[in-house]
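Let us take a friendly walk through a protein model, stopping at a few spots worth a look. Keep the picture open while you read.

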Amino acid sequence: MTTTTTTAADADPGTDARCGPGMSRRERIGHLLQHHGALMVLAVTVVVGALVFDSFATPQNAANIVVSSSFLAIVAIGMTFVIISGGVDLSVGSSFVLAGVLAAYGSRYGLLVALLLPLSVCGAIGLVQGLIVARTGMAPFIVTLAGLLGMRGLMLAVSDEGANTYLVQNDAFSALGQASFLGLTVPVWITLGLALLGGVLLQRTGFGQNVYAIGGSEEAAVLMGVPVTRVKVLVYLISGLLAGLAGALNAARLSSGVTILGAGMELDVIAAVVIGGTLLTGGSGGLIGTMAGVLLLGVIQSLINQIGVLTSSFQQVVSGAFLALVVVAQRILHRAQRLS
Amino acid sequence: MATAVLEARGISKGFPGVLALDDVSFRLDAGQVHALVGENGAGKSTLIKVLTGVYRPDRGTLLLRDEPVTFDNPLAAQRAGISTIYQEVNLVPQMSLAHNLLLGREPCSRLGVIDTTQLYAEAERVMTRYGIRTDVRRPLCSLGMGTQQMVALARAVSIEARVVIMDEPTSALEPREVDTLFGVIADLRSEGISVIYVSHRLDELYRICDRVTVLRDGRVAHDGPLGELARVELVALMLGRDPAEIRRDGATRFTGEHTTTAGEPLVEARSVSRRPVLRDVSVQVRPGEVVGLGGLLGAGRSETAKAIAGALQVDAGTVTVAGQQVRRGSPAAAIRAGVSLVPEDRKAEGIVPTLSVRDNIALAALPQLSRSGVVSDARIDRIVDSFMRRLRIKAASPYQKVSELSGGNQQKVLLARSLATGAKVLLLDEPTRGIDVGAKAEVQALIDELAAEGLGVLLISSDLEELVEGADRVVVLRDGAVAGELSGDQVTEEAIMATIAATGETDG
Ligand SMILES: Nc1ncnc2c1ncn2[C@@H]1O[C@H](COP(=O)(O)OP(=O)(O)OP(=O)(O)O)[C@@H](O)[C@H]1O
Ligand SMILES: [Mg+2]
């Protein structure tokens, strides 16, 4: 009974820089595992994969993993903000798909429209969700579930029940998804830039600290004078915008607004964030972990493709097992910290 | 003094089932330290929350320097120059000390990026001024309650404010830290800043307050200069009783010595160590005995209690209850052996805030109430009712959620819960913290009663008077090790202080 009431109070701090010399060895190890556990598991998996499969550790395969992970990664950056603030955004999968359709549709009017149309629609929906969550105090789960259903409907309407697939008709826009630079496609570079920017925003700005504070204890944050409403709205806005951007880039890569890919993506995104060490209860976590979580999912997928005999749906089983493992590990870490 | 810095006129505020404030008027003058006192649940914290925009009053107006104002949220009050240390939640447990201290005012480079080096340096500088030397990068929840309280204080004072409100700031502090706090308050006063000060420790009020407002059941029972009011009169006003009656009852309600049966200790901790907080600590409590643990903050008192209750992983040492060794680091095993801990930090470790008063008390008592798994509701009701009456738990009904109770009443529920377990050994860590004078006496009488029934009690209290009156023996800790033991006539405030100070102060 005591453990359930202390969930929020005993979790570790949010940023890496806080692991100080004043901590005991036990604390430091716990801290390291929570924040960089995913990174370590990723490293081990990659090494093992490279030893077992000849075709795994090739530059080609590495590039494949990174390229196909980049879209998930962009969405996961936004989700990390939301989850650290103590919320969740279930609408990102629908946003992603809707953005793809809108981008493909908009591409006939030029590059700018192809980008701005999905961004403004998904951003607006994120904004509205944020306003509802922050102003009414309704559960983020419910609000964004409504967003998920609403946007799925919107997408079906725009694409005539999915019968109408828009093709991208703008070379500049297609290049955004397909062109390479130093061996990596543009979306990968965008992901890197956004992760860097997001990291700075989260760890090194007042806004980021407010996000941690709200997730850690909303009541305390209110009393400390944190502009809670504004921060929450911004967090959902960021999530919506990033989902929209990822969807648009994906459409550019595929040269069409595919209406089926990306449905259910929200669960992969949440899984990646949680595997990355961000606590679903809020107040703790970071983007390095999230990036490691995304890559880990990609690596698992790739390894299963290597095995060949297994169908790719087996990937979900392995990812699910990983997720369960992480949650259990976090629970144990948590208890160890409690007793120290 | 012509204009009030902050004034409340005819404020009323109700919650379902209670009128927490009923037509309350309050006036704070410039450069004054204004005490706000009253029993648990009298409405002090509610008034403070109305003054600072946490709650909107149902009726009445607020005036800031004679201008009517409304605060929509605490941020608005902060911007208007009112800085507050709230009683319950103040800070974010997972964030580092430094980030908590400077949240919203982080030192930034030109691009708006936080300069972490400077952030930590600044935090270190501020905390050193408050006598706290610790790694400011540590998460707040890993620090002691006293340190957390000092962080809240430092934060409130370092926000440029005209009014600083403190809701029971000393309940988690040691005498030495209280002195630091009073130094800060004196500085504030000399700068013309006003302070509203809430405390149940009366001697503190007389040390620093100029004026006092007494609340009773949501109404103003008295308002005037503090100096003109004798201590008993103040208590009488708070409790709504006759001063003569109070005078008769004395300061604490401990009766003094207990008849301890010599012989087998009921609970014994032998050479318990946990680096760096505990070194080779041995304590024993015999049936019917109240053993006090003395020492400064960080001396290892709470850690000792936690180690005995299995709530702290120890590196070495054993705990035995009634001759049986208890499995290390297992709270469940300790509970089975009959050990019950009332923890220092009720928020994090004790109460289930979303459950009702009744459920919180009954939860702990269930095992001994149930017969072959069936629990009689009537029996639970009887127990809950008796504790609520005895400890004067002020709630709309036994079914009210604990989170809706006033701070002191939450503490009483926690205490009742432990007392209801039927434990053989009670470990009480600051049992009367935040509890008003009336109920404090009741708690102390109850501890005596339980000891007389043959329970063993380990009592931790920063209130030396309580320790001296209540304990048969006092074990003094220093820097995580036993510094000395006093028993019988040796147990005096002076002796405890002397033992604490014996080989100079090395902690910090
Ligand atoms: N959120 C709430 N919901 C319902 N009732 C409440 C709430 N907050 C306070 N109360 C009730 O209002 C009354 C006054 O509470 P308040 O916290 O102001 O007391 P207090 O004087 O600060 O007491 P203490 O000394 O214990 O801190 C109490 O009866 C309490 O139960
Ligand atoms: Mg109070």
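This is a predicted model: local features need pLDDT of at least 70, side-chain atom pairs count only at pLDDT 80 or more; totals for chains, interfaces and linings use all residues.

Residues are numbered from 1 along each chain as its sequence is written, chains are lettered from A and ligands numbered from 1 in the order in which they are written, and side-chain values use heavy atoms, leaving out hydrogens and water.

**Salt bridges**

Which residue does Arg392(B) meet in a salt bridge? The partner is Glu39(B), at 3.2 Å from N to O. A salt bridge here is a side-chain nitrogen of Lys or Arg within 4 Å of a carboxyl oxygen of Asp or Glu. Glu39(B) sits in the loop between strand S3 (33-37) and H1 of chain B, and Arg392(B) in the loop between helix H14 (377-390) and helix H15 (407-419) of chain B, so the pair ties together parts that are 353 residues apart in sequence. Helices (H or I, at least four residues) and strands (E, at least two) are DSSP runs, numbered from the N terminus. Glu39(B) is buried, because its relative accessibility is 17%.

Here are three of these pairs side by side.

| Glu7(B) | Arg9(B) | 3.2 Å |

In the last pair, Asp377(B) belongs to helix H14 and Arg358(B) to helix H13 (residues 357-369) of chain B, so parts 19 residues apart in sequence are tied together. Arg358(B) is buried, with a relative accessible area of 9%.

Over all chains, the count comes to 23 salt bridges.

**The magnesium ion**

Ligand 2 is a magnesium ion, coordinated by OG of Ser45(B) and OE1 of Gln87(B) at 1.9 to 2.0 Å. These two residues link distant parts of the chain: Ser45(B) is in helix H1 (residues 44-51), and Gln87(B) is in the loop between strand S6 (82-85) and helix H3 (97-102) of chain B, 42 residues apart. Ser45(B) is buried, because its relative accessibility is 18%. Donors are N, O and S atoms within 2.8 Å of the metal (3.2 Å for Na, K and Ca), and water is not among the atoms, so sites may look incomplete.

**A nonpolar patch**

Now turn to chain A. Val128(A), Ile132(A), Met138(A), Phe141(A), Ile142(A), Leu145(A) and Leu149(A) make a nonpolar surface patch of about 600 Å². Patches are made of residues with over 30% relative accessible area and no salt bridge, with like charges joined within 9 Å and nonpolar side chains (Val, Leu, Ile, Met, Phe, Trp, Tyr) within 5 Å. Accessible areas come from the Shrake-Rupley method with a 1.4 Å probe; for residues, only the protein chains shown count as cover. H7(A) gives the most to this patch, with 4 residues. Val128(A) is in helix H6 of chain A and is partly exposed, at 46% relative accessible area.

How values were computed
Buried means under 20% relative accessible area, exposed over 50%, partly exposed in between (1.4 Å probe, protein chains only).
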